[in-house]
Amino acid sequence: QVQLVESGGGLVQAGGSLRLSCAASGSIFSINAMGWYRQAPGKQRELVAEVTGGGTADYADSVKGRFTISRDNAKNTVYLQMNSLKPEDTAVYYCNWRGVSSYGHLGVWGQGTLVTVSS
């Protein structure tokens, strides 16, 4: 199996910064993509940013220019640097991993970490 451990959420004032981390462990053969989704109360889960196995990053329009996703391949860890945070960024952020493990093709979600941005 593949396990994800997330960290870095919390409370921050508008305009502030936070960095989220997500470390994947287990019988990982290859990664198709790894990144972050978020879900605000009453809303659907949406993509925030992800990076493919080839290193291509994709961002939601709402976070372009403010958030940066990066990956440490040696540690199977992805980071989300969030700057200029806005109250509308408040949500539970979920790490997502898609790839191939000893169990075959998998998609795995983290437990979620809460980000609260106060105005």
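**Strands and an aromatic cluster**

**View 1. The whole chain.** Along the sequence, the protein chain of this predicted model runs β-β-β-β-β-β-β-β-β-β-β. The count is zero helices and 11 strands (DSSP runs: helices H or I of at least four residues, strands E of at least two, numbered from the N terminus). The radius of gyration is 14 Å, close to the 14 Å of the globule rule for 119 residues, so the chain is as compact as a globular protein of that length (taken over C-alpha atoms; the rule is 2.2 Å times the number of residues to the power 0.38). Of the 119 residues, 42% are buried (under 20% relative accessible area; exposed is over 50%, partly exposed in between; 1.4 Å probe, protein chains only).

**View 2. Tyr37 against Trp109.** The whole structure holds two aromatic pairs (Phe, Tyr or Trp rings, the six-membered one for Trp, with centres within 6.5 Å; planes under 30 degrees apart are stacked, over 60 edge-to-face, the rest tilted). In one, the Tyr37 and Trp109 centres lie 5.1 Å apart with planes at 75 degrees, so the pair is edge-to-face. Tyr37 sits in strand E4 (residues 28–39) and Trp109 in strand E10 (residues 104–109), 72 residues apart. Tyr37 is buried at 18%. Trp109 is partly exposed at 40%.

**View 3. Tyr94 against Trp109.** This edge-to-face pair has 6.5 Å between centres and 90 degrees between planes. Tyr94 belongs to strand E9 (residues 91–101) and Trp109 to E10, so the pair ties together parts 15 residues apart in sequence. Tyr94 is buried at 15%. Tyr37, Tyr94 and Trp109 make up one aromatic cluster.

**Notes.** Residues are numbered from 1 along each chain as its sequence is written, and side-chain values use heavy atoms, without hydrogens or water. Local features need pLDDT of at least 70 and side-chain atom pairs 80 or more, while totals for chains, interfaces and linings use all residues.
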